[in-house]
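Look over the sequence and the structure, then read on.

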Amino acid sequence: MTQTPEHATTSPSSGPSSGPASSPTSGKAQLFDYRAAANPVRPGLTDPIPYNAWGPELHASGPSAILPLDLSQQLGTPGPATSPALAAHFIRIQADEGVKAAAQATSSLFFVLSGSGECRRSAEGTQPACSIRWSQGDLFVLPAGAAPLLHADTDSVLYWVHDAPLLTYLGVTPSEARFEATHYGAEWLRRELQALADAPGSARSNRLSLLLANHDLPSTRTVTHVLWAMFGMVPAGATQAPHRHQSVALDLIIECQPGVYTLVGTELNEDGSIRNPKRIDWQSGGAFITPPGHWHAHVNESGATAWLLPIQDAGLQTYLRSLDIRFA
Ligand SMILES: [Fe+2]
């Protein structure tokens, strides 16, 4: 039987190796010609991760709600997902209302774009109850456990990223907390980033960023064992050299003026610039995806400092030794 590589599959019932009825090969077993299956990342099979951006109008008005940045159709995932492993959302909460942020996840990260309130979580298993008071600019992470209630004192918007899509793919539910609930206060984050910007040697740097880490996770130096978070500023006039990594970035723009953008593409020119780049313009309170392996560089032509918070699955990628971060 002649087969093209694209369809070169055999199964016990039809293939050349099918045996008698007593054959020990299961009916579900398949074999592919290496050329048909060695790289299944292509449209219609394992779909590539698309470029996508969401503007701040998504969370600017309306009732209290969880607003998923959902690409499940494009990614072929059974539930809401923004990348194969992660799901990002905006959560809008009106004053004196509450939203339950339920997810079967090992890691949930929240960043407060605006407002103030309290995150309350009841005890579950060996996990103690916890309460975190949050306000604008705060970031906090929660491990696996009971669904937290986010109660707002004033109208609030939070950015929420968790790894439930990864667990759904694996067919598992989390059984233990791998780190303690941890709160990174806005004032501390801003003060430390400003100290970095003011340090000798920073004047010519166009990459001024803090990587959030946790004492419970010393080997990856990441905000959870799965998630990676960076609090960064791009100074006015900066043009970054391109870099790339195998983690997917779910970039949140905290604050910027018009004229800040990211260039992204799959190849470099001889001079190290990105060949035929796509330009993604930043918006305060907007979000966009940087697909894995794509070269990207941030440019600030706005005349004012811009702040960003990319969240990635780079905790997991670091543990797998597959992050492969490279700089042009
Ligand atoms: Fe990056």
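Buried means under 20% relative accessible area, exposed means over 50%, and partly exposed lies in between. The model is predicted.

Q: Is Ser107 buried or exposed?
A: Ser107 is found in strand β7, residues 107-114. Its relative accessibility is 1%. The cut-off for buried is under 20%. Ser107 therefore counts as buried.

Q: With which side chain does the side chain of Ser107 make a polar contact?
A: Beyond its neighbours within four places in sequence, Ser107 is in contact with residues including Leu142, Phe179 and Val226. The polar contact of its side chain spans 3.1 Å. The partner is the side chain of Thr106.

Q: Is Val172 buried, exposed or partly exposed?
A: Val172 lies in the loop between α3 (164-170) and β13 (182-184). With Tyr169 and Leu170, Val172 makes a nonpolar surface patch of about 360 Å². Its relative accessible area is 41%. That value falls between 20% and 50%, so Val172 is partly exposed.

Q: Which are the edge strands of the six-strand open sheet?
A: The order is β3-β20-β17-β22-β15-β14, with antiparallel pairing. An edge strand here pairs on one side only. The edge strands are β3 (53-54) and β14 (208-211).

Q: Which residue in β20 is the bridge partner of Asp251?
A: Strand β17 (residues 249-255) pairs with strand β20 (residues 287-290). The sense is antiparallel, over four bridges. In β20, the partner of Asp251 is Phe288.

Terms used
Residues are numbered from 1 along each chain as its sequence is written. This is a predicted model: local features need pLDDT of at least 70, side-chain atom pairs count only at pLDDT 80 or more; totals for chains, interfaces and linings use all residues. Side-chain values use heavy atoms; hydrogens and water are left out. Patches are made of residues with over 30% relative accessible area and no salt bridge: like charges are joined within 9 Å, nonpolar side chains (Val, Leu, Ile, Met, Phe, Trp, Tyr) within 5 Å. Accessible areas come from the Shrake-Rupley method with a 1.4 Å probe; for residues, only the protein chains shown count as cover. A salt bridge is a side-chain nitrogen of Lys or Arg within 4 Å of a carboxyl oxygen of Asp or Glu. Helices (H or I, at least four residues) and strands (E, at least two) are DSSP runs, numbered from the N terminus. Buried means under 20% relative accessible area, exposed over 50%, partly exposed in between (1.4 Å probe, protein chains only). A polar contact is a pair of N or O atoms within 3.5 Å; within protein, one must be able to donate a hydrogen and the other to accept it, and residues adjacent in sequence count only if both atoms are side-chain atoms. Contact means heavy atoms within 4.5 Å. Two strands pair if DSSP finds at least two bridges between them.
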